[in-house]
Amino acid sequence: MAERPKLTTTAGAPVGDNQHALTAGPRGPLLLQDYQLVEKLAHQNRERIPERVVHAKGWGAFGTFTVTNDISKYTNARIFSEVGKKTDLLARFSTVAGEQGAADAERDVRGFSVKFYTEEGNWDLVGNNTPIFFVRDPYKFPDFIRTQKRHPRTNLRSPTAQWDFWSLCPESIHQITILMSDRGLPQGPQYMNGYGSHTFSFWNDAGERYWVKFHFKTRQGHKHYTNAEAQDLIGKTRESYQEELYGAIDRGDYPKWTLYVQVMPEEEAENTPYNPFDLTKVWPHKDYPLIEVGEMELNRNPDNYFAEIEQAAFSPSNVVRGISFSPDKMLQARIFSYADAHRYRLGGHYEALPVNQPKCPVAHYHKDGLLRFFADNNPPDAYYEPNSFGGPAEDPKYLEPPLRISGDARRYVQHELEDDFSQARALFEMFDDGQKQRLFNNVAEAIHGVPEEIFERQMNHFEAVSPDYAKGVRAAVEALPAKDEKMKTQMDMDRMAVHPKQGG
Ligand code: NDP
Ligand code: HEM
C-alpha cells in the first residue's frame with residue numbers, strides 16, 4: 001500500500017492518535033487539554049453556512065463555452081472575440097423555493113446560473129429555465145418569495161398564500177402558465193432551456209449599444225415529469241437531478257446547450273408595442289430572431305460539492321467589457337442584492353474563494369477583514385488611490401458608452417401601462433389539447449381548496465387569457481375528489497386560523 005500522508009492538526013503538527021480521547025483513567029472523564037478533540041468538535045459546529053435565501057437546492061458542474069458564430073459587431077466582450085474561442089465556465093441549476101434538503105423533482109421554476117471565467121473578468125448570467133418572471137417590480141420580490149416559502153405559524157407551504165399573491169398580481173399569469181405547463185417539471189437539468197430572462201445590453205468599440213436577451217437551448221431535448229410521475233419518483237429518490245447530472249458527466253455523456261441571442265438596436269426600444277425591459281414579457285421571435293452564438297458543454301463534476309457549488313457566488317452585477325445592464329427595474333435591484341447576499345453568506349472577500357476567483361489577474365484596493373487570505377500583488381506602498389507608487393490604475397478603454405435615460409422620478413403603477421395577458425395567450429394557444437389538459441390538471445391540483453374569493457379572483461385572470469383556460473381549470477377542479485379530512489392541507493389549516501369554529 002502506498003505510504004499515507006501524515007495526519008496533522010490545522011497548525012501542521014503531526015497527530016499521534018485520532019481515535020481515542022485523552023482521559024483520566026480508562027473510563028473518563030475527558031481532559032480539556034485534548035485540544036485535538038476540541039478542535040475537531042469546534043470545526044464540526046462551523047461546517048454549515050447559511051443556505052441561499054432562495055435557490056438553496058442546487059446541482060452544478062464545470063464546462064466549456066465555445067464560440068460558433070461571430071457576433072463581435074454587437075459586442076467587444078473578449079469571450080465572443082473569435083469563432084472557435086473557448087472559455088471555462090461553472091453552471092449551477094436549482095429549484096427556487098425548497099430548502100437544501102428538498103426533493104429535486106418538485107414543480108418549481110429552475111435556476112440556470114453560468115459563471116464564465118473570461119480573460120477580462122467573470123461574467124455571470126444568473127437566469128432561470130423560463131424567459132420571464134412572476135413580477136416586474138423589485139418591491140414585490142421579497143413578498144413573492146415569502147408566499148413560496150413556509151407559513152410562519154404552521155411551518156408548511158401555503159397554496160392560499162401563493163394564489164392570494166398571484167391573484168393580486170395579474171402580471172404573474174404568463175409565468176404561472178409556464179410553471180403549470182409540462183416545462184414546469186423537467187426530468188433533470190440537462191433537459192431544459194435556460195434564459196437570461198432580463199434584457200441586457202451589448203456595446204462595441206464604436207460605442208454603439210444594443211439590447212440583448214440570452215437563450216440556452218437544450219440539445220438533450222425537453223423531458224418532463226407529470227405530477228404523478230414525480231410523486232412516484234420522489235418516493236424512490238429525492239436526489240434525481242444530482243443523479244442525472246453527476247451520472248451523465250461521470251460516464252462521459254456531456255450535456256450541451258446552444259447559446260442564442262436576440263438583439264435589438266438601442267433606439268428601437270422606444271417603438272416596440274410592449275416595454276422591452278419588462279421582465280414579464282418575451283421579445284417575439286418573429287420580431288427578434290434567435291442568432292446563434294456558441295455551445296455550452298458541461299464536462300467536469302466538482303471534486304467537492306461544498307467548496308465548488310455551495311460556495312459559488314453568482315451575481316448579475318458581474319458583467320465584463322462589452323456586456324452591460326438595461327433599465328429593467330428587477331435587474332437593477334438584483335445588481336445590489338446578490339453581492340450583498342454573498343457578503344452575508346460567504347464573507348466579504350468571497351470572490352477570492354477558489355471557485356469564484358477570476359482566471360485573469362486581479363488587482364484592487366479592497367483590503368482586510370474576514371477571508372483575507374489572498375496574496376496582495378500591489379507594490380507595498382501602493383495601498384491607496386491615487387498613488388505615485390505604481391499601484392493598479394484605471395483604463396478608460398473599459399468605460400461603457402453613456403446610457404441615455406430620461407423621465408420623471410415617480411413610482412409608476414405598471415398595471416395601468418401594461419398588457420398582462422396577450423403573451424400568456426400566445427403561449428396557451430401554442431399548446432395542443434394534451435398539453436392544455438395537463439396544464440388544467442396541474443393548476444387544479446395546486447389551487448384546489450383555496451378560499452373561494454381567491455379562487456374566483458384568479459379565475460378572472462385565466463378568463464382574460466382565454467375563456468377556454470378558465471373553463472378547463474374549473475372543470476379540472478370539479479373533477480378532483482373532495483379533500484380527505486385526515487390529510488388536511490395547509491389550505492385547510494389557513495382557513496381554520498381565519499375561522500377557527502368552522503374549521504373544527
Ligand atoms: P415562437 O413560436 O417563435 O416560440 C415559441 C417558444 O415557446 C419557443 O422558444 C419554445 O421553446 C417555447 N415553448 C414551447 N413550449 C413551451 C412551454 N411549455 N413553456 C415555455 N416555453 C415553451 O413564438 P413567440 O416568440 O412569438 O412566443 C410565443 C410565446 O412563446 C410567448 O408568449 C412565450 O410565452 C413563449 N416563449 C417565447 C420565447 C421568446 O423568447 N420569444 C421563449 C420561450 C417561450 P423551444 O424552441 O425550446 O421548444
Ligand atoms: C439566487 C435575490 C430575481 C435567479 C438569489 C439569491 C438572492 C436573490 C438574494 C441568493 C444568492 C446567494 O445567496 O447566492 C433576487 C432578487 C430578485 C431576484 C432581489 C428580484 C428583484 C431573480 C430572477 C432570476 C433569479 C428574475 C432569473 C431570471 C436566481 C438564481 C439564483 C438566485 C438562478 C441562484 C444562483 C446560484 O445558483 O447560486 N436571488 N433574485 N432571481 N436567483 Fe434571484
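In which strand is Asn128 found? Asn128 sits in strand E4, residues 121-128. The model shown in these views is predicted.

View 1. UniProt, in an unreviewed entry, lists Asn128 under "active site" together with His55. Asn128 is buried, because 24 other C-beta atoms lie within 10 Å and 20 or more is the cut-off for that class. Beyond residues up to four places away in sequence, Asn128 touches Val109, Arg110, Gly111 and Phe112, and also Tyr195 and Ser197.

**View 2. His55 and the annotated pair.** The unreviewed UniProt entry gives His55 and Asn128 for "active site". They are spread over 74 residues of sequence but cluster in space, with a largest C-alpha distance of 10.5 Å. His55 lies in a loop, between helix H1 (35-45) and strand E1 (58-67). His55 counts as buried because it has 22 C-beta neighbours inside 10 Å. Its contacts, leaving aside neighbours within four places in sequence, are Ser94, Val96 and Gly111. Gly111 is also among the contacts of Asn128.

View 3. For "binding site", the unreviewed UniProt entry lists Tyr338. Helix H8, residues 329-345, carries Tyr338. The buried class needs 20 or more. Leaving aside neighbours within four places in sequence, Tyr338 is in contact with Val126 and with Phe314, Ser315, Pro316 and Ser317.

**View 4. The shell around ligand 1.** The shell holds 15 residues. Which of them come nearest to ligand 1? They are Val282, Pro284, His285, Gln423 and Leu427. Helix H9 (residues 422-430) supplies the largest share of the shell, four residues. By class, the shell around ligand 1 has eight nonpolar, four polar and three charged residues.

**View 5. Where domain 1 touches domain 2.** Domain 1 spans 58-132 + 186-352, and domain 2 spans 135-168 + 431-504. Their C-alpha centres lie 29 Å apart. The contact takes 10 residues from domain 1 and nine residues from domain 2. On the domain 1 side, H8 gives the largest share, three residues. That side of domain 1 divides into five nonpolar, three polar and two charged residues. H8 is also the helix in which Tyr338 lies.

Definitions and conventions: Residues are numbered from 1 along each chain as its sequence is written. Chains are lettered from A and ligands numbered from 1 in the order in which they are written. This is a predicted model: local features need pLDDT of at least 70, side-chain atom pairs count only at pLDDT 80 or more; totals for chains, interfaces and linings use all residues. UniProt positions are given in the numbering used here, feature names are shortened, and annotations may be inferred rather than shown by experiment. Helices (H or I, at least four residues) and strands (E, at least two) are DSSP runs, numbered from the N terminus. Two residues are in contact if their C-beta atoms, placed from the backbone, lie within 7 Å. A residue is near a molecule or strand if its C-beta atom, placed from the backbone, lies within 6 Å of it. Ala, Val, Leu, Ile, Met, Phe, Trp, Tyr, Cys and Pro count as nonpolar, Asp, Glu, Lys and Arg as charged, and the others, Gly among them, as polar. Domain bounds come from an automatic or database domain assignment. A residue is buried if 20 or more other C-beta atoms lie within 10 Å of its own, exposed if 12 or fewer, and partly exposed in between; C-beta atoms are placed from the backbone.
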